[in-house]
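Please examine the sequence and the structure below before reading on.

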Amino acid sequence: MTKRFVLLLLVLVSCGVAAKVHATPKSKAANPTPGELLSVPMGQRKPVKIRVARGQATLIRLPDGQRVMSTYGGDKGDGGVWSVDAGKVPTRFLAVKPKEVGIHTTLHVVSNTGQEISFFLQEITGVDSQFDAEVDATEGTTSGSSAAEVKWVPADEVASCRQNVDSMKVNTADAQKKAQERAAAAVADYQANYPKKLFFGYAWDSSKAGKLGFDMIWSDDKFTYIKAKNVLALYEINEEGKPSLIQYSYADGLYRVDKVLYDGYFAIGPKKANKLAFHRSKS
């Protein structure tokens, strides 16, 4: 009697416990709420842990002047199903969203300046009360090389730059052609009008000029030229009738004086026979 009572009591107690456990409802996982803004440095080698929530988007912002060019990870493998959205046109914004509870994955982001940052994304629904809804990636340094060594540019910008370069080449070629045409026209005009500037109205003793080796003297609007075989000293007579020595250049039998001479003379030694005076008519 006693043994049967004990056995019956144990069975009743066991059934009661089982009934109590079965009657307790399974707790529903609470959805986390957005936490404080998370700030992480670019170029950090160790992946940064980011808490994410199922059905919620976590926004990652790169520093000003940088753009999301490539992302790696967050696939449909063992890490679960993820949504990674960098937009159709590269910007500094990236959104990630887990589609299952309790999943995790790594995500690597590379910017247009060659800097990179890695994240360890962990879905925390039912585990943590808050998730990281906004993440700011701040300026950092890359290890081993300068970020300035790499510069990625969107394809549409490259195409636009090439079009601008081609347009500049065409404009430059047109400008060069027009400049050459203007220069050629200026040369032609100068050649056509230069003879009108030549003046041969100089007078000297032709007999003495021939003995001293002088053939011709003329000027244009800037220079005086003398064709002669010999090199003599050249003097200019000023308005007061006083002579002054004049500098000139001489090459291949031609004197060139960098001014228009009116009165003067060539001389070698003190003898009058070795002195050749000239005068330019003012008309």
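**Aromatic residues and an open sheet**

In this predicted model, Phe 214 is buried, with a relative accessible area of 3%. Phe 266 is buried as well, at 0%. A search of the whole structure finds 14 aromatic pairs. In one of them, the rings of Phe 214 and Phe 266 have centres 4.6 Å apart and planes at 45°, an angle that makes the pair tilted. Because Phe 214 belongs to strand 13 (residues 214–219) and Phe 266 to strand 19, this pair ties together parts that are 52 residues apart in sequence.

Another pair joins Phe 199 and Tyr 202: with ring centres 6.4 Å apart and planes at 65°, it is edge-to-face. Tyr 202 counts as buried, since its relative accessibility is 12% and the cut-off is under 20%. Ring pairs link these residues into a cluster whose members include Phe 199, Tyr 202, Phe 214 and Phe 266, together with Trp 204 and Phe 278.

Five of them form an open sheet in the order 12-20-19-15-16, with antiparallel pairing. Strand 12 (202–204) and strand 16 (243–245) each have a single partner strand, so one side of each is left without a neighbour in the sheet. On average, neighbouring strands of this sheet are turned by 25° against each other, direction ignored. Strand 19 (residues 263–267) and strand 20 (residues 275–280) pair over five bridges, and Phe 266 stands opposite Leu 276 in strand 20.

Charged side chains also meet rings. Lys 275 lies over the face of Tyr 265, at 4.2 Å from the ring centre, and Arg 256 lies over the face of Phe 223, at 4.9 Å.

Technical notes. Residues are numbered from 1 along each chain as its sequence is written. This is a predicted model: local features need pLDDT of at least 70, side-chain atom pairs count only at pLDDT 80 or more; totals for chains, interfaces and linings use all residues. Side-chain values use heavy atoms; hydrogens and water are left out. Two strands pair if DSSP finds at least two bridges between them. Helices (H or I, at least four residues) and strands (E, at least two) are DSSP runs, numbered from the N terminus. Axes are lines fitted to C-alpha atoms, for helices over the stretch in contact, and angles run from 0 to 180 degrees between N-to-C directions. Rings of Phe, Tyr and Trp (its six-membered ring) pair if their centres lie within 6.5 Å; planes under 30 degrees apart count as stacked, over 60 as edge-to-face and the rest as tilted. Buried means under 20% relative accessible area, exposed over 50%, partly exposed in between (1.4 Å probe, protein chains only). A charge sits over a ring if NZ of Lys or CZ of Arg is within 6 Å of the ring centre and within 35 degrees of the ring normal.
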